[in-house]
Amino acid sequence: MAKEIETSMRDYLKAHPNLRFIFFGGKGGVGKTVSAGVTAQWLASQGKRTLLASTNPVHSLSGLLSQDVFGKHTAVTGVPNLWAYEIDTKDTIERSKVEIREKIQWFLKYADITTKAEDFVESATMNPAFEESAMFENMIDLMFKAEYEAYVFDTAPTANARRLLGMSKVYSLWVNKMLKSREEARSLRELLSFTKKKEADPLMDYLLTFRDRMEHARVLLTDEQQTAFFFVTLPEALPIAVITRFIGWFRDFGIPVGGVVVNMLIDRQQVEATSPDFVKNRLAMQDRYMDDIWEKFDGMVRAKVPLYENEVRGVTALGRMGQALFV
Ligand SMILES: Nc1ncnc2c1ncn2[C@@H]1O[C@H](COP(=O)(O)OP(=O)(O)O)[C@@H](O)[C@H]1O
Ligand SMILES: [Mg+2]
């Protein structure tokens with residue numbers, strides 16, 4: 001175990017020149033949003049047309065950039081090649097509800113069931129996973145459009161990516177079976193109706209489209225040349241435990257783990273014998289957890305970022321943090 005960075009963030013990106021989808025995951029408050037901002041700004045400075053996107057219900061990017069980037073792709077002031085976009089969660093959810101309602105109504109009509117669609121819509125959309133899924137759909141829409149050379153997503157859709165990839169096999173089997181039985185039912189109906197005209201089957205079209213979308217997403221998200229998930233931690237017990245679990249999941253599902261960013265390290269140079277005890281104790285604690293980090297994430301630490309005297313806000317502060325993240 002080497003107690004030093006072997007492959008830095010810069011080295012990793014250099015070794016993956018076709019990287020297009022970059023995600024940051026980790027516990028709340030560890031610096032995912034700032035790391036995403038710094039990385040997007042750095043990629044833009046390398047001449048890549050870059051989108052910094054958030055699928056997060058909290059308005060994090062507008063705050064980070066001190067600029068309103070809500071609801072539309074917005075050129076970031078003072079940073080050529082960089083756009084930012086905070087997806088409107090409410091709008092997405094409303095649209096998804098409308099779509100689901102249409103599908104349910106169509107299905108009820110198709111199956112000759114005379115129940116009000118509304119009851120089903122309610123139970124389908126009250127599910128807490130519904131919002132997350134809607135955001136995930138948004139994210140893959142952006143990915144498929146390929147309007148930018150690089151995409152940096154604030155906050156990895158950890159649970160969803162995991163669910164998607166874990167379920168995709170089962171899901172594919174299930175959809176294929178559904179398709180087969182619908183195909184059979186349809187030919188039977190056609191046979192019985194004595195007409196040879198093909199009936200429209202929007203539900204089947206939907207299932208097919210959905211299956212293909214998920215497969216496409218799976219292919220992109222598991223491609224090591226195009227995708228990397230980075231995990232941000234502090235030298236503290238809980239954030240380390242969180243990313244240890246995430247990295248385990250991601251490995252199991254074949255999602256490329258780009259590496260680990262350690263944030264908010266106290267600058268040793270500034271700690272003296274006369275410094276307050278809490279500072280000295282904290283530094284000692286960080287040292288202990290750094291030992292843990294080198295051991296647990298051997299060869300995977302990409303950067304060590306200092307704790308700054310102020311929060312990281314605005315493109316100037318992002319640029320400064322960029323010097324630490326991309327040394
Ligand atoms: N290295 C750092 N030094 C000082 N403040 C930081 C540093 N990294 C992040 N912050 C601040 O900590 C807070 C949480 O960071 P944020 O990126 O929003 O975390 P997350 O997105 O993981 O919840 C923000 O106020 C941010 O400006
Ligand atoms: Mg955040």
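Author: A crossing is called left-handed if the near helix is turned anticlockwise from the far one by less than a right angle, and right-handed if it is turned clockwise. Helices here are DSSP runs of H or I of at least four residues, as strands are runs of E of at least two, numbered from the N terminus. The model is predicted, so that local features need pLDDT of at least 70 and side-chain atom pairs count only at pLDDT 80 or more, while totals for chains, interfaces and linings use all residues. Residues are numbered from 1 along each chain as its sequence is written, and chains are lettered from A and ligands numbered from 1 in the order in which they are written.

With those terms, H4 passes H5 in a right-handed crossing. Helix H4 spans residues 89–110 and helix H5 residues 117–125, and they pack at an angle of about 135° with their axes 9 Å apart; the axes are lines fitted to C-alpha atoms over the stretch in contact, and angles run from 0 to 180 degrees between N-to-C directions. H4 and H5 are therefore oblique to each other, given that angles under 35 degrees count as roughly parallel, over 145 as roughly antiparallel, 65 to 115 as roughly perpendicular and the rest as oblique.

On the H4 side the contact is made by Lys97, Ile100, Arg101, Ile104, Gln105 and Leu108, and on the H5 side by Ala117, Phe120, Val121, Ala124 and Thr125, where contact means that C-beta atoms, placed from the backbone, lie within 7 Å. These residues divide into 7 nonpolar, 2 polar and 2 charged, with Ala, Val, Leu, Ile, Met, Phe, Trp, Tyr, Cys and Pro counted as nonpolar, Asp, Glu, Lys and Arg as charged, and the others, Gly among them, as polar.

Elsewhere, helix H11 (residues 314–325) lies across S7 and S8, running at about 135° to S8.

Methods:
Contact = placed C-beta atoms within 7 Å.
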